[in-house]
Amino acid sequence: MKNEAGSTLEINEQEAAVVRNIFDWFLQGWPKTEIARELYRQGVKTATGKERWSPSNIKKLLKAYTYTGNRMARTESRDLFTHKKTYHDREEIEIENTHPAIISREVFDEVQRRIESNKRNTGTPTKRNQPAFSKKLFCHACGYRYKFYPSPRIDYWKCVSSSTKTCDAPNINEEQLKQMALHAMSSRYELEQSDSLAHLQKDLKATNQQDHFEFHRLRWLTELEIAKESNEDPEKIQALEKEYHAFEKQVAQIEDDRPFRVKTLEWLGTLQTMEEFHQKVTTEYLRAWIHQMTIENEENYQVEWFDGTRLTVGQLSERKPIHSVQKEETKKESPKKEVNQELNLLDEHGALKEKREEEMIATVEREVQKIEPGEGKTILQTIEKARLETEKPGHLQKTQKALKTAAYCRISTDRLEQKTSMKTQVAYYTYLILKDPSYEFAGIYADEGITGRSLEKRAQLNQLLKDCERGLVNVIITKSISRFSRNALDTLSIARQLKQLPSPVYIYFEKENIWTSDPQSELMMSIYGAIAQEEAMNVGRSIAWGHRSQAKRGIIRWKKATYGYWVDDEYRWHIQPEQAKIIKRIYSDVLKGKTVNKICEELAQDGIKTVTGKDYWNPKSVMAMLTNEVYKGDYLFQKHVTVDTLQSKVIRNQGEEPQYYVENHHEAIIKPKDWDRVQDILEERKRNKGFVKDGHRKYEKDEMKNKAYIEKLYCGECGYLMGHRRHVERRWKKPHETHFWVCCRHDQRYRTERCDTKRIRQDYLEWHFIRFLNQIHTNPNCTTDVLHWIKRLELTVEEEKERADLQERVEIQNQTLYSAVEDGIHDNGQNTQLVDQLTEELVELHERLKQFSERERRVEQERKMFKEIMKKVRKYVEGESEDFPEDLFQEFISRAEVCKDGTVTYHLIFEQEQEIPETYDDYVEMKRQQKKQKTKEKHEELLEGPEVAELLVFCEEPKSVREIVDFLNERMDISDTHTFQIILRPLMKQGKMERFKAPEKGGTREVFHYQVIKHSGLRS
């Protein structure tokens, strides 16, 4: 609408309903052709008044950013004279909230994500030259263009609307189109005449030599200016503008078709007769005379010539082509209809009815990025001239063998500063390596959207380092130190590590012109690396400062909400009703006196899932909810801080940075007084639990835990990970420790369905593995199984043949890439997409070849590794060591499954499973027998010791038990019971001592006395 302030956009509810339905149908999974067919069936017309919709109409509408209530400015440019539009050649600007929204931003972003996903799934189409009549053939029935479809058998043209089955226009192949054009040419020109060739040339030359366009343009502009300054009738001014636009359209048409006329004139100059013309003419040459065609069928069509005149061949039906109807007339004669279908996913405002993760995937962040115009030719020239500007180091130049060279690229999509895409960078390095005969292509390693601050999550860089260790790479080329890593220490350590390999690997940084083989490279890398590192840290500090500055004013801009809330686009927190019920229940249960473990158990019993969708609640998570001030409507900013910006190390804020407490930040789920009561209850429980008591000794540091078992032991009953536990017995002077491994689901008391396994002693698991090593050392079946598995990895005859074919295709593709780059430069950078496509195909071929090479290397490595492991096994077994071989367990076992009876199934790194029959009961019985034997030997040693020898001398005269115990306690610690069981009784069995009753000293009560037997006679 227009008003005094200017033009504004307002919603046309009838058309807005159509838009919302289209978005709704697309989110339901309807294809664009089905949506177009449904709109045609319901009689809904397009914005230009056409009855039939095309998939391109639907796609254009789905990608219209204006529907979100925002505008993207400077997306297109219009030529002042020709009115031609060009798109995305300037920096785009987003203007928010310029008009009412028809579709919510969330719905729009989800639709764009799905469009991009569908686009990726279709694959990369083959690059073809545009046919001469592209966008110049129109359907008489529906007004839409004919689209060109290349085919292995025959190329043909098809009406766009026919794909939606709303138009039955026939297909036209290239030969038919040529004959139709020739027939029209024969009607305009008498092609059988001898002077026809000269006549054809004359018309084209006359059109090309028209040079009075500027004169007419100046005349039209002058008349318009005079009419406006003289305040002429607005209708007259409008008529002049209409005539001027028609003139500019005609000029643009003549100039657009000029390349066809120039090419055809050159071709006509080579011809001698009209017979030769008919033999060699193509649709591309005929396009010089024909501007466009409107086709009903092969016999009936209309031709618009280069000079603006028209010729009808046959007889067209009475129906007027829709594309020629003026938009204003169409709106008056055929008003639009509403769609007759209710919305399923969207509400009447264009937003999602329910915001659920199950129904909608997370929205995609949309950003406007600066794309510099006219970069195509520069990119191709850079690729074409791709050479290392510096000479290779001397030791690399002397190498006769081609160097295995790989390139590393990294792009952070959050902060794109490069002017080229990832594909173009890959093309650049691929061409650079392949063009140099001293290099052998070893692959492109590219991390996209990954920070350069640390090595974590940089899968491609880590894979590159592993390949260097395997000897697959000799040289690494990368754009700059900052692209390689923004951590100076990482860059230096990697460079040193690679240089110290058996086959040294060197890195070349293009921007800084540094080879790591240079003795001065470390100094230069330290300087450049420090600059890159400081830049990354400054960015992190700036972002943190911005958040803190806003928090000081009570503004919290945090998209991730706590459980129980959701955050809108304006960073306002809203209660999530279903989750809020769970929060209220947890707080209410604490007020009723229930423990945290009991609450977790009841939540699991009622089938309530956690925020991550798990069936069981962790007491630590529930305790965090109970102590979180968010639920009473407040917000504490900066509970945690990043102390190491480079490594993103986050710790609990204990005074490192100021905290900001924002009261009434959002609506509360729990009343503040109830929240305070819960804190008092939890604090009271903590005091009464008695974790810290007077005289309580803390456990000593656990140094007996077998770290080789961490994340390698799994429960054989439920498949869950096993964890370590230890029991400290304090009843003795020296505490005794026992170490166990148990299924984590067994010890989680808050689970309703706990695993019925039991704790397994660590010493049993160690003993069991030693038994396993003894078994594979003596049993040849294990070796046979592993070698058979390795043999299956070898390449088959068919795969060897396929590898040879791939190598041949690589050579052909290399030459095609060279040609594409050279052609692209001559085409002023218009062929960059072809270069990208060829590069992708070439990299894919290399990847497939690399897979075969990897398998060969893997077979060799697996054999070598197995040989080394078996050598260590033999050395360990023959050495009869009792120490647990931790290194062998780590190298040989990928995981071990432990059942409740103690049986262990070992999964070897060679994808084999081995099991031995020993159980936990067998081990317990063995340990009991060993202990019994050890005790027996200890007792026998005591009987032969000096204490017992002195006792025999002491007992030459009768002695009571009390006298004997007192005598022994002067030499050793022993009780009355042990004195009789392990000393006196065995001596009596050996015939060295006898026992009899006699009155005790100083009394009349008779007690047992013991005396050494001196004579063969016995006392009664």
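Trainee: What makes E913 part of a strand?

Mentor: E913 lies in strand β31, and a strand is a DSSP run of E with at least two residues, numbered from the N terminus, while a helix is a run of H or I with at least four. This is a predicted model, in which local features need pLDDT of at least 70 and side-chain atom pairs 80 or more, while totals for chains, interfaces and linings use all residues. Residues are numbered from 1 along each chain as its sequence is written, and side-chain values use heavy atoms, without hydrogens and water.

Trainee: Why is E913 called exposed?

Mentor: Its relative accessible area is 53%. Exposed means over 50%, buried under 20%, and partly exposed in between, with a 1.4 Å probe and protein chains only, so E913 counts as exposed.

Trainee: How do you know that T757 is buried?

Mentor: T757 has a relative accessible area of 6%, so T757 is buried. T757 sits in the loop between α24 (744-747) and β28 (760-761). Beyond its neighbours within four places in sequence, T757 is in contact (heavy atoms within 4.5 Å) with C715, E717, C743, H746 and K900.

Trainee: And why is V19 called buried?

Mentor: V19, in helix α1 (residues 13-27), has 5% relative accessibility and therefore counts as buried. Residues up to four places away in sequence aside, V19 touches L61, Y67, I102 and I103. V19 and I103 are 84 residues apart in sequence, yet 8.3 Å apart in space, C-alpha to C-alpha.

Trainee: What makes R848 and E802 a salt bridge?

Mentor: Their closest N and O atoms are 3.2 Å apart. A salt bridge needs a side-chain nitrogen of Lys or Arg within 4 Å of a carboxyl oxygen of Asp or Glu, so R848 and E802 form one. R848 lies in helix α28 and E802 in helix α27 (residues 797-826), so the pair ties together parts that are 46 residues apart in sequence.

Trainee: How do you know that E950 and R971 form a salt bridge?

Mentor: The N to O distance is 2.4 Å, so the pair meets the salt-bridge definition. E950 lies in helix α31 (residues 946-954) and R971 in the loop between α32 (961-969) and α33 (976-989), so the pair ties together parts 21 residues apart in sequence.

Trainee: Why is R971 called partly exposed?

Mentor: R971 has 35% relative accessibility, and so counts as partly exposed. E950, at 37%, also counts as partly exposed.

Trainee: How many salt bridges does the structure hold?

Mentor: The structure holds 37. Among the residues involved, R585, D589, K594, E602 and D606 are linked in a network of salt bridges.
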